[in-house]
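Here is a short briefing on one protein structure. Keep the sequence and the 3D view side by side as you read.

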Amino acid sequence: MPQMKTDIRDFMKYQYPTNLAVSPDGAYAAFAVVTVNEEDNCYDSCLWLWDEAKKATRKLTGGNKERNFTWIDNETILFTGNREKEYREKVKDGEEWTCFYTMNIFGGEAKLLAAVPHKVGKIQYQNGAIYAMVHEHYNKKEKDFEVFDEMPFWSNGIGIVNKVRDRLYRFDLATGEMKVISPEYGQVEGAWVENGTVFFACNVYTGVKMPEDGLYEYVESEDRTVEVIPQGRFSIRYACRRNGHVDFIGTEHKTYGYVENPELYTLTEDGPKVLCAYDLSIGSGCSSDCKMPGGITKRTFGDRIYVTSLVGTDLLLRYFDPDGTVHTEIGTRGSVEMFDIRGEKIWFIGMRDQGMLELYCYENGEETRLTHFNDAVLSERKLSRAEHFNYTYKGTELDGFVIPPVDYDPEKKYPGVLTIHGGPKGAYSDLLSHEFQFWASEGYFVFYTNPIGSDGRGNEFADIAAKQGSIDYEELMFFTDEVLRRYPAMDGDHLGVMGISYGGFMSNWIIGHTDRFKAAVPQCSIANWISKTNTTDIGYCFNTSQLGGDVWKNHDKMWELSPMKYADQIKTPALIIHCDEDYRCWLSEGVQMFSALQYNGVPSKLLLIHGESHGVSRIGKPNKRVRRLEEMREWFSRYLKEEQ
């Protein structure tokens, strides 16, 4: 069969495995597979099972809403959903209900175990009980009014969070008792139920929430919650007990502020002590629209703490010994997105060789691919491989990537698009991206890099506080020159620039400082640091940390670093894309930039996407992802192709 170029809707054909968990005896690996339902404009998900003895995969559920699950013994899975008509109707009427179901992996229908009047998030099982994150409202919901009396009052991807908390509940399967075990008014930021312990990080507040948490342990044998580390010093990302000591991964934000990488601590009689000053990110990864969030990224097995960690442009699996020494367990190029361990085997879902997510098993230094969900689709497509190279700017070696146009002829000229990641502490790699492949199929060079401020290279490299738009801008322009030198077929007179979040900020900034780009698409962007600080979910702590102070003490600096200050100098046609439920970079940012362009007579358009958040390009409703790409295609075609 002849291969076809990537189509704008190809992301709907992919299957996205996630939420991996292995049975207690290690005989089976269960996971969810997310697929796109184009007809209903949503994402479906069902549970699948890898049978280690039969070396085969089979589908477990068919309800299309099964994603959140846990093992309760070697042959039984418990998952959440709303299969019952009675509770589906209640949810439609605005009530919050979640049903718990059990299913035997060897056959039979799912059985309703219980229904609870809460919206339940992640669940974990241990010693006869389910530990569940529960979305709890302290204020009565009103149809026509919202009352805010704390900050943040909304949160990206969630909505209104004023007097709303994610609390940790314990559901006893034998008695049916369900009770909260986290403090009143506490937002549980993470819970780790494993090896007979229950630790959770909790942020208790009733006014302004700051980033630092407290660490708590629920002692099952005593049925009580104990404060392990008081709130106010650390942001805690993980905790466990090994060899009789409480160890945790956290950061004090003491040197690099809000974006500081965590370190490994152990709790001694004299307080927390650094066990490993790690200086790399843990649990993060590289940007791609070909994966779904979820799964285990940190856990303790034996006396080792295993974590996924971004090292350069690869997401590796590493572990800490009891003395804090760090080792790489799985270091193959690509990504280990999530994992689980039993005995000598490690199962993980990851991306290899610029392919899609699949399930793998790692044993005795060798990894084996177990699933092939996406082989058929990929084999039918002409994919252009991302070409990775290193270049040096002012003595620093940096990573650059170029995806040439599909079927490109080196003797011809092609337009190019510089794309800039978010963060700024984000990162790009050569992981498969549907969007990048789409642009390559449309006849564009796609080129991108990880400039100073990016993740994967430690705190000092990522530290760009109060320098946004300076050294990062210089590096991006140098990189553009470098790519043009390496790829003569790319037409330097027909270049576009685009980016999301911080990448949107840089797109706005670039067109306010140079006319070399003939079209721009800033998305979910930042136009004005002053307005962003006081309108967004993390602006009051992220912006003040990363820009040198608050709006009143640092007004002049914030304005100097704002693209809006330079908007009257812009000549580049720009398509502004924003979402009205983006609480990370609120709608006012896109509106300001669009209004400034219109006022100054610059060809411009604003695509406002209703009902979507900051992550629209990766997890937005399928039809909105398509429309976004259609608008971008028309814009780039008009200004980068029609004028050639």
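Which residue with a positive phi follows helix 3? That residue is Gly443, with a phi near 95 degrees. This is a predicted model: local features need pLDDT of at least 70, side-chain atom pairs count only at pLDDT 80 or more, and totals for chains, interfaces and linings use all residues. Residues are numbered from 1 along each chain as its sequence is written, and side-chain values use heavy atoms, with hydrogens and water left out.

- Helices (H or I, at least four residues) and strands (E, at least two) are DSSP runs, numbered from the N terminus.
- Helix 3 is mostly covered, with 8 of its 8 residues buried. Buried means under 20% relative accessible area, exposed means over 50%, and partly exposed lies in between (1.4 Å probe, protein chains only).
- The buried residues of helix 3 include His434, Glu435 and Trp439.
- Rolling a probe the size of a water molecule over the atoms shows where empty space is left.
- On a 1 Å grid over the protein atoms alone, a cavity is a set of points where a 1.4 Å probe fits but cannot get out. A pocket is an open set with protein on both sides within 12 Å along at least five of seven lines. Lining residues have an atom within 4 Å of a point.
- By this rule, the model has 1 cavity of 30 Å³ or more.
- The largest cavity holds about 40 Å³ of space. Grid points are joined across faces, edges and corners, and a volume is the space filled by probe spheres set on the points.
- Phe11, Asp289, His434, Glu435, Ser617, Arg625, Arg628 and Leu629 line the largest cavity.
- Helix 3 and helix 12 (622-641) each give two or more residues to this lining. Helix 12 has the largest share, 3 residues.
- The lining of the largest cavity has 2 nonpolar, 2 polar and 4 charged residues. Ala, Val, Leu, Ile, Met, Phe, Trp, Tyr, Cys and Pro count as nonpolar, Asp, Glu, Lys and Arg as charged, and the others, Gly among them, as polar.

**The second largest pocket**

- The second largest pocket has a volume of about 310 Å³.
- It is lined by 23 residues, and the closest to its centre are Asp353, Gln354, Gly355, Leu378 and Leu383.
- Strand 29 (357-363), helix 2 (375-379) and helix 3 (434-441) each supply at least two lining residues of this pocket.
- By class, the lining of the second largest pocket has 10 nonpolar, 5 polar and 8 charged residues.

- Strand 20 (residues 245-251) pairs with strand 21 (residues 263-268) in the antiparallel sense over 4 bridges. Two strands pair if DSSP finds at least two bridges between them.
- Phe248 has Tyr265 of strand 21 as its bridge partner.
- Strand 21 and strand 22 (residues 271-276) also run antiparallel, joined by 5 bridges. Here Leu264 stands opposite Cys276.
- A hairpin links strand 21 to strand 22 through 2 residues.
- Thr251 lies in strand 20. Thr251 counts as buried because its relative accessible area is 2%.
- The side chains of Thr251 and Glu260 make a polar contact of 2.9 Å. A polar contact is a pair of N or O atoms within 3.5 Å; within protein, one must be able to donate a hydrogen and the other to accept it, and residues adjacent in sequence count only if both atoms are side-chain atoms.

**A buried loop residue**

- Ile526 lies in the loop between strand 37 (519-523) and helix 7 (529-533). Ile526 is at 4% relative accessibility, so it counts as buried.
- Beyond its neighbours within four places in sequence, Ile526 is in contact (heavy atoms within 4.5 Å) with residues including Phe505, Pro563 and Cys585.

**Backbone details**

- The peptide bond between Met151 and Pro152 is cis, with omega about 5 degrees.
- The bond from Gly423 to Pro424 is cis, with omega near 5 degrees. Pro424 sits in the loop between strand 34 (414-420) and helix 3.
- Tyr185 is not a glycine, yet has a positive phi of about 60 degrees. Tyr185 is partly exposed because its relative accessibility is 25%.
- Asp223 is not a glycine either, and its phi is positive, about 50 degrees. Asp223 is partly exposed, with a relative accessible area of 40%.
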